[in-house]
Amino acid sequence: MKKTNFKKLFSAGGIFSIFDIFNISGIFGRTSFFFNIPFRPVILFLLIYICFIIFADGYGFFLPEKNSFLFTCTSQKKVTLIGKVISEPVLKKRNQQFIMEVSDINGQKIKKEKTLVSARKNYPVQYGDILRLTGKINIPEKPVFPYVFDYNKYLQRQNIYTSFYQYGYELVDRKPNIIKKLSLKLRNDIEARIDRYFKPPCSSILKSMIVGDKAALDKDTKDAFVNTGLIHILVISGLHIGFCAAIFLFFFKLFGLKLKYVYLLTIPALFFYTLMTGANPPAVRASIMASCVLVAFMLDREPLIYNALSLSALIILILNPQDLFTASFQLSFFATFGIIYFYPKFRYAFGKIKNKFLSSFWEVSCVTLSAQFALIPILIFYFGKISIISFVLNLVIVPLIPFIIILSLVFYVFSFISSFLAVPAAFILTYLLKSILYIINFSSNLSFAVVWTAIPSLGLIIFYYAAFFIMLKFKNNKKVLFCLFLAICFMLINPFEEKNFVRNFIGPKNLTTHIRTADGKDFIVTQEFEQDRFYERNLRQYLLACGSRKTWSL
């Protein structure tokens, strides 16, 4: 590979495996699994490691009682913690929240452990501060109903088992990591300039798309993006990392450097951007994969896509095994795998298209179809609904994202030079963002935009993927294809809802009984001890997840 084609640099053409440098793959040979996917050592190691994580989780290895010393101190009314602030404080309505890595409790040294701190707004907390805080350790509240968002479990998967409500505050020292501090400083500067030239909701959407800050997004906007299947454009992922990589390559190439030095400089630039945006699993995955491609080009080797995907997953899970159970990790890797595996099959389903416009349109459609088919069961599992219009909207909205990213960079550079230059760029960006928001809000309010469905079981999800692989294997057998297609549709529309049961849910502020009769009718018996603003919303989410559409309250 003497000459690099920049157009194919981040295509689904393949990724580089670290094992190939030392020819380790020769020890195991080259077999295949899942219908012609190359089976290399890194894939084998990943599968073994995933099985180990699942086994460990099943046997309670990640339970708070076994991993958290602070969890055992929740009975104490008042404790004093000393620790380091490891996240940028997020302002809430009544307080500010940040993650602190505790190293001392009541004068006793402990193994470093994270806790979520809620502190008063008037304290000037910064990343890297060493604080002595006095307060109460609590366990984040668990939801009363199943199938609703479990904030307690969400924190546990980030190795945060407790929350801390601060009473007293003392600044001991400041010891920030220089690189992370610089990345946060750049992020804060970008957000400040966005707030200066843009108004909500455009400012909040742009901050989410560029630096991954979703704190300012209101619930209605988030729901609109979810209902239209476009929430992925608000998450820093492969789409954003790919465009940023292209920008970095172009920028470093302007200095007249050799290609291998251009690739070498692009890798740390990508990880710096990933760190600045919060280092969420999709961004880390994309950065590792892009880095593997660049290293392959530096070594004049052919990249191997499945190896890169497996290697990035392996690195993320080694750093935090519990990421395996998060929606962010699963959605990111299943979408990428879907595009890699299904895209070539969809693309050539109708043979070669000669018309350039139709060919380009079909290629974009195939990418969207590939990701959608891979994600449908997971989206239903986590959100309990299917966006009917997501395919069309992805074709309309996603092509605009590159222009927004590039124009945002131009705007940021112009904001240093002159407001006379920054204002026109901000005006164009505002117009694009308002157009996108209008389309999304209009589409999400359509009666047929979303189909609610019951949460499928793990067995049905496995059946879905197995059916698709079998369909691809027997693609020339029309009877098999038709039967499997009907089975998949039946699974999505009616995932075997449970009937004839009585369930009791006891919460701190309410008592609820859910009765479902043999004919599928639902009766809800409720007793509220005091007003709970989250109760009605969580109850509705639970009923929708159960497949309930008509209920009678007693």
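At 52% relative accessibility, Cys51 counts as exposed, because that value is over the 50% cut-off, whereas Cys366, at 0% relative accessibility, counts as buried. The structure in which these cysteines sit is a predicted model, and zero disulfides are found in it. A disulfide is a covalent bond between the sulfur atoms of two cysteines.

**Overall composition**

The protein chain is built from 19 helices and 14 strands, and of its 554 residues 46% count as buried. Among the contacts in the protein chain with a separation of 6 or more, 69% are accounted for by residues 24 or more positions apart.

**Helix packing**

Two packed helices are described by the angle between their axes and the distance between the axes. Two such pairs are set out below, one formed by α12 and α13, the other by α5 and α6.

| Helix pair | Angle between axes | Distance between axes |
|---|---|---|
| α12 (residues 327-347) and α13 (residues 356-383) | about 140° | 7 Å |
| α5 and α6 | roughly 155° | within 10 Å |

At about 140°, the axes of α12 and α13 are oblique to each other, because only an angle over 145 degrees would count as roughly antiparallel. In passing α13, α12 makes a right-handed crossing. The residues that form the contact of α12 with α13 comprise 19 nonpolar, three polar and two charged ones.

For the other pair, the angle of roughly 155° is over the cut-off of 145 degrees, and α5 and α6 are therefore roughly antiparallel to each other. The crossing of α5 and α6 is likewise described as right-handed. On the α5 side the contact is made by Arg187, Ile190, Glu191, Ile194 and Asp195, and on the α6 side by Ser203, Leu206, Lys207 and Val211. Sorted by class, the contact of α5 with α6 has four nonpolar, one polar and four charged residues.

The loop between α5 (178-197) and α6 (202-211) contains Pro201, and the peptide bond that joins Pro200 and Pro201 is cis, with an omega of about 0°.

**Buried positions in helices**

Leu206, named above as part of the contact on α6, is also one of the residues in contact with Ser408, which, leaving aside neighbours within four places in sequence, is in contact with Leu206, Ile210 and Leu429. Ser408 itself is found in helix α15 (residues 401-417) and counts as buried, at 7% relative accessibility.

An α-helix has 3.6 residues a turn, so residues three or four places apart point the same way.

A further buried helical position is Ile288, which lies in helix α10 (residues 281-298) and has a relative accessible area of 7%. Not counting residues up to four places away in sequence, Ile288 touches Phe271, Ser312 and Ile315. Ile288 and Ala308 are separated by 20 residues in sequence, while their C-alpha atoms are 7.5 Å apart in space.

**A buried glycine in a strand**

Gly135 lies in strand β7 (residues 129-138) and, at 0% relative accessibility, counts as buried. When its neighbours within four places in sequence are left aside, Gly135 is in contact with Lys77, Lys78 and Val79, and also with Phe164, Tyr165, Gln166 and Tyr167. Gly168, which is 33 residues from Gly135 along the chain, has its C-alpha atom 6.7 Å from that of Gly135.

**Backbone features in loops**

Two asparagines have a positive phi although neither is a glycine, with values of about 55° for Asn106 and about 65° for Asn159. Asn106 is placed in the loop between β5 (96-105) and β6 (108-119), and with a relative accessible area of 45% Asn106 is partly exposed. Asn159 is found in the loop between α4 (151-156) and β8 (160-174), where Asn159 is partly exposed with a relative accessible area of 30%.

Notes:
Residues are numbered from 1 along each chain as its sequence is written. This is a predicted model: local features need pLDDT of at least 70, side-chain atom pairs count only at pLDDT 80 or more; totals for chains, interfaces and linings use all residues. Side-chain values use heavy atoms; hydrogens and water are left out. Axes are lines fitted to C-alpha atoms, for helices over the stretch in contact, and angles run from 0 to 180 degrees between N-to-C directions. Helices (H or I, at least four residues) and strands (E, at least two) are DSSP runs, numbered from the N terminus. Angles under 35 degrees count as roughly parallel, over 145 as roughly antiparallel, 65 to 115 as roughly perpendicular and the rest as oblique. A crossing is left-handed if the near helix is turned anticlockwise from the far one by less than a right angle, and right-handed if clockwise. Ala, Val, Leu, Ile, Met, Phe, Trp, Tyr, Cys and Pro count as nonpolar, Asp, Glu, Lys and Arg as charged, and the others, Gly among them, as polar. A disulfide is a pair of cysteine sulfur atoms within 2.5 Å. Buried means under 20% relative accessible area, exposed over 50%, partly exposed in between (1.4 Å probe, protein chains only). Contact means heavy atoms within 4.5 Å.
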